[in-house]
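Hi,

Here's the structure I said I'd pass on.

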Amino acid sequence: MKFSTVIAACRHFSSKTSSRYPKWTRNNKKKSKVDDPKTSERTRITWTGEQSQVLDAISSGKSVFITGSSGTGKTLLLQHIIKRLKKLHHPSRVFATASTGLAACAIKGWTLHSFAGIGLGEDDRQTLLLKVISNRWAYKRWTKARALVIDEVSMVDAEIFDALEFIAREVRGGGECDSENKVWGGIQLVVCGDFFQLPPIVKRENRKEFAFEADCWGSSFDMQVELTRVFRQSEANLVKLLQNVRRGEVDHEDLDLLKKCCTEAEPDSSAVQLYPRNQDVNRVNKKKMEDLKKPTYIYHAHDSGEDPWLGQLNQGIAPDELPLCEGARVMLCKNLRRTLVNGATGTVTKFRYDDVAVSDLWKTEERPRVPMVRFDSGLEVLIGPEAWEIVEGGKVVATRKQLPLILAWALSIHKCQGMTLDRLHTNLSRAFGFGMVYVALSRIRMLAGLHLAGFKPSKIKAHPKVLEFYQRFSQKQDKGVEDGGVCEDGSGSSDVASVSNKTNGKDNDINSSLIFLYQFVEILTVASASDHGWRFYSYSCFIVGTLLFPSCTVITRRIARKVRKFMEYNIGL
Ligand SMILES: Nc1ncnc2c1ncn2[C@@H]1O[C@H](COP(=O)(O)OP(=O)(O)OP(=O)(O)O)[C@@H](O)[C@H]1O
């Protein structure tokens, strides 16, 4: 049999069986501590049954939709899923994205739009596809991806969701996986979010609003799971109140609880103030600055780049103009290091001259000053300017340089999604749209930490389509029809999920071996045509040798990974 025939057969088999399965890291018997489904020793997390089932499903290559009310650990679980996906596939082939910049920061990922290369995403899907194809970097990301994570899906509309699926299928069709007709082009998809929280901003009329209305939604997932255990709050009456607010159906008991939280007193200085509208946020922050009666330094952002991207900088997180004085409450709007992350709050203690940190900024000043911030964690740090970039087609098209701080006595509700707060002061009488009251209230840990300056029961509302979606969702779970239906008590459909996982596990073992063999043959082919042939041949001989002795499997895998990395970086495979 000819060598090329063997390759063709292997290629065919691997695409038929499992293009979305990982190639090199299957059957790792020795699990890392962080990835143990039950316990993560490093952070002392005990996963619930539902969370463990999701992790198992991810390991067996399934596409999963994870939902659940606020504080059920979706983001935490997602962070571990990303680590696991990176081990399963390869870090460079796993793309973590979120619909907003803040949510993207929480998972150290991209915004969905910038990953996809679809600009603002307002065109029809054919135009968006052309945009991706003409953008070398975006095209490469799509072809390279083995796994795609999308967080805060409640803010992604149905048409974008369908367009992305179309792009994935078209771009990857006939590629390495020959996954033309596979949904999402064979990418393992992990989508997370709570549709009762903030909805997408839909500018065009008649545009389908929610991602679950997308044509491809049903076929995109092997498993859909609702996490039901709330971790953020432990008080039973608060958990019940929030569950009812989420569904827009509060009773007298809930209203009484909320009334008890209403206060006319000035908020505690350590409480974060949340408002539905930016005007209120700016008004409160300005007034607080004035009350301090301290010399104020104004930091103007330095922007460079081309239109229309320059205009987009103003929609970003870093403010155009940042007034600061001693005693100002601030929040970090960029991850600086592991202990200083986006969302960390603190107080400006003093200003220091720092010629180096601000050498290319604020040159007009006699001597540039930067603020020293004491964060609530106790850390005191001098904060220098940072850069935010908008990248299109691998090219930086606009840059903003500014201090990575925003005033934080008050914040907009859109900026607080995903946060956990100990003390919250809010006026929800001007809330607009669905889910806003729920997002604001569900930030707090305890009722004692909640102070309401204004509140109207009529502002508590859930979207009828979302209610219907979750009703259908729980009916499916109850019947155990869906593959991945997981019930809180572990009954019913959870059994269906585990059986299906086991069957897939067996298949995966076979797929894994075949894919491994296919990769090996592929390496030999490339090796024979490459300048680095001698190196590949020696690696290959080693692989063949160790394959004959099963006890050497670990070494084989290490070598195999090394070969693959080498090929990726040197030959661009
Ligand atoms: N299995 C677990 N064991 C212990 N604590 C957990 C577990 N899962 C989540 N938590 C904790 O619960 C809190 C809320 O988690 P997280 O922020 O991930 O929730 P979320 O569902 O993403 O909330 P939101 O929808 O509001 O963003 C965090 O403090 C997290 O550490």
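What share of the 573 residues of the protein counts as buried? The figure is 39%. Keep in mind that this is a predicted model.

On the overall layout, the protein has 19 helices and 22 strands. If you take the contacts between residues at least 6 apart in sequence, 68% of them join residues at least 24 apart.

Now for confidence. The mean pLDDT of the protein is 75, with 68% of its residues at 70 or more. Strand S7 (residues 188–192) has the highest confidence, at 96, while helix H1 (residues 3–17) has the lowest, at a mean of 36. The pLDDT stays below 50 over residues 1–43, a stretch that still has 71 contacts in the model beyond near neighbours in sequence. Residues 569–573 are below 50 as well, with 6 such contacts beyond near neighbours in sequence. Where pLDDT is low, the predicted coordinates should not be read in detail.

On the H7 side the contact is made by Tyr139, Trp142 and Thr143; H8 brings Ile167, Ala168, Val171 and Arg172. Sorted by class, that contact of H7 with H8 has 5 nonpolar residues, 1 polar and 1 charged.

Cheers

Note on methods:
Residues numbered from 1 in each chain as written. Predicted model: local features only at pLDDT ≥ 70, side-chain atom pairs only at ≥ 80, totals over all residues. Contact = placed C-beta atoms within 7 Å. Helix = DSSP H or I, 4+ residues; strand = E, 2+ residues; numbered from the N terminus. Nonpolar A, V, L, I, M, F, W, Y, C, P; charged D, E, K, R; others polar. Buried ≥ 20, exposed ≤ 12 C-beta atoms within 10 Å, placed from the backbone. pLDDT = per-residue confidence, 0-100.
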